[in-house]
Amino acid sequence: MLVVALAAVPVALAAVPRSTHTSPEQKVLTLINKQRAKHGLKPLRSDGGLITVARSHSRDMVRRDYFSHRSKSGTNPGDRIAKAGGHGAFGEDLAWGTGTYSSPAAIVKLWMNSPPHRRVLLAKDLRYVGIGRATGTFQGYSGAAVFTADFSGRVG
């Protein structure tokens, strides 16, 4: 599923602590940037606030066993990205899998093969990203990995 908007979200929320990508999350970013380079696009830059909110959303989906851009508490991608300091264009891609289908390569391949997700990954006006990954039993499958990628045109 895809959410993209071209309007700033003027929401003043508490500062979000800054995080860094884990190894699997960084691998997803590397693979996304390889796809962007193939299409003549600048690489996405990692943002700690976006990482924090993306990871939090993935963890929430695993913990509460749902798969949606809208959280069980009612927040949407725009809310989360604004909380992280993102503004301007934004987008969010979600995916999950088990076994080999939960690898960073499989997740990026899935997104690239889905026109709505591909549009987000290759959007020229998106410049920053945070990848969040959570693992556990999900939708009845043990060993699942749930990914959230939150994108923004600007941060700060």
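Reply: A definition to start: contact means heavy atoms within 4.5 Å. This is a predicted model: local features need pLDDT of at least 70, side-chain atom pairs count only at pLDDT 80 or more, and totals for chains, interfaces and linings use all residues. Residues are numbered from 1 along each chain as its sequence is written, and side-chain values use heavy atoms, with hydrogens and water left out.

Me: Which residues does Phe147 touch, not counting residues up to four places away in sequence?
Reply: Phe147 is among the residues that touch the most other members of the largest nonpolar core. Its contacts beyond four places in sequence are Val28, Ser58, Asp93, Leu94, Ala95, Ser102, Ile107, Trp111, Ile131, Gly132 and Arg133.

Me: How many residues are in the largest nonpolar core?
Reply: A nonpolar core is a set of buried Ala, Val, Leu, Ile, Met, Phe, Trp, Tyr and Cys residues joined through side-chain atoms within 4.5 Å. Buried means under 20% relative accessible area, exposed over 50%, partly exposed in between (1.4 Å probe, protein chains only). Val28, Ile32, Trp111, Val129, Ile131, Phe147 and Phe151 touch the most other members in the largest core, which has 23 residues.

Me: Which helices and strands each supply at least two residues of this core?
Reply: Helices (H or I, at least four residues) and strands (E, at least two) are DSSP runs, numbered from the N terminus. The suppliers are α1 (23-38), β3 (86-98), α4 (104-112), α5 (115-121), β4 (128-138) and β5 (141-155).

Me: At what angle do α1 and α4 pack?
Reply: Axes are lines fitted to C-alpha atoms, for helices over the stretch in contact, and angles run from 0 to 180 degrees between N-to-C directions. The axes of α1 and α4 lie 9 Å apart, at an angle of about 40°.

Me: Which residues make the contact between α1 and α4?
Reply: Helix α1 brings Pro24, Lys27, Val28, Leu31, Ile32 and Gln35. Helix α4 brings Pro104, Ala105, Val108, Trp111 and Met112.

Me: Which side chain makes a polar contact with the side chain of His69?
Reply: His69 lies in the loop between α2 (48-64) and α3 (77-83). His69 has a relative accessible area of 6%, so it is buried. A polar contact is a pair of N or O atoms within 3.5 Å; within protein, one must be able to donate a hydrogen and the other to accept it, and residues adjacent in sequence count only if both atoms are side-chain atoms. At 2.6 Å, the partner is Glu92.

Me: What is the phi of Asp65, which is not a glycine?
Reply: Asp65 sits in the loop between α2 and α3. Its phi is positive, at about 55°.
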